[in-house]
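Colleague: Before I use this predicted model, could you take me through the reasoning behind some of its labels?

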Amino acid sequence: MHTTDKKTATKDPGLGQLPPGQPALRSVPMPSDSNHNGDIFGGWVLAQMDIAGSVPVAEIAEGRFATVAIDAMRFHMPIFIGDLVSLYADIVRIGNTSVTVKVETWVKRRATREVVKVTEGVFIYVTINDDGKPRPVPRRAQSAERGG
Ligand SMILES: CC(C)(COP(=O)(O)OP(=O)(O)OC[C@H]1O[C@@H](n2cnc3c(N)ncnc32)[C@H](O)[C@@H]1OP(=O)(O)O)[C@@H](O)C(=O)NCCC(=O)NCCS
């Protein structure tokens with residue numbers, strides 16, 4: 001699980017260094033991912049964030065899960081074609097049937113090599129059974145979160 005250094009990584013978006021640890025996902029957007037302004041389409045970014053957030057959930061879900069909600073979504077700055085996009089995902093809460101993941105998107109600008117946090121949001125996933133109904137998050141994950 002990625003552990004973000006909150007003191008450095010959640011400051012106001014701006015120039016800086018990538019957060020410590022491994023991103024859940026990295027990508028480079030293409031011209032086909034852009035909107036009418038020529039910047040990257042927000043829907044592309046959201047999809048990448050949903051995928052990144054699902055990575056730590058997949059590690060603990062032991063089966064199917066689905067995205068139920070996205071909270072506190074912010075687009076701080078645009079992403080440009082060719083930027084190196086790194087997405088960081090941290091589990092912040094494990095409930096009975098839900099797992100809450102904080103996702104941050106950082107880019108290294110292709111042109112200037114500047115590093116900037118461009119989006120953040122909180123993604124909530126629900127572990128589901130074969131009928132698509134909520135099922136408890138496996139106990140192993142819950143006791144690991146408690147340090148057991
Ligand atoms: C996910 C789904 C099975 C959940 O079923 P549900 O009957 O709505 O679930 P519940 O009301 O029992 O809530 C299940 C958990 O999700 C949480 N939850 C539900 N809605 C939430 C919301 N808007 N924000 C935060 N948490 C939420 C509940 O608090 C609960 O967590 P807990 O068990 O840890 O306390 C159902 O909503 C569904 O199938 N949604 C579509 C999922 C999908 O297709 N996602 C892809 C994105 S398009």
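Modeller: Let us start with α2, where a kink of about 35° lies at valine 55, shortly before proline 56.

Colleague: What makes that value a bend at valine 55?

Modeller: The bend is the angle between axes fitted to the seven residues ending at a residue and the seven starting there, and at valine 55 in α2 that angle is about 35°.

Colleague: How do you know what span to expect of helix α2, residues 42–61?

Modeller: The expected span is 1.5 Å times one less than the number of residues; for the 20 residues of α2 this gives 28 Å, and the helix reaches 28 Å from its first C-alpha to its last, close to that expectation. Just after α2, glutamate 62 takes a positive phi of about 55°.

Colleague: Which elements do the buried residues of α2 pack against?

Modeller: They pack against β1, β2, β3, β4 and β5, and the buried residues of α2 include Met49, Ala52 and Pro56.

Colleague: Why is glycine 121 called buried?

Modeller: A residue is buried if 20 or more other C-beta atoms lie within 10 Å of its own, and glycine 121 counts as buried because it has 20 such neighbours.

Key: Residues are numbered from 1 along each chain as its sequence is written. This is a predicted model: local features need pLDDT of at least 70, side-chain atom pairs count only at pLDDT 80 or more; totals for chains, interfaces and linings use all residues. A residue is buried if 20 or more other C-beta atoms lie within 10 Å of its own, exposed if 12 or fewer, and partly exposed in between; C-beta atoms are placed from the backbone. Helices (H or I, at least four residues) and strands (E, at least two) are DSSP runs, numbered from the N terminus. Two residues are in contact if their C-beta atoms, placed from the backbone, lie within 7 Å.
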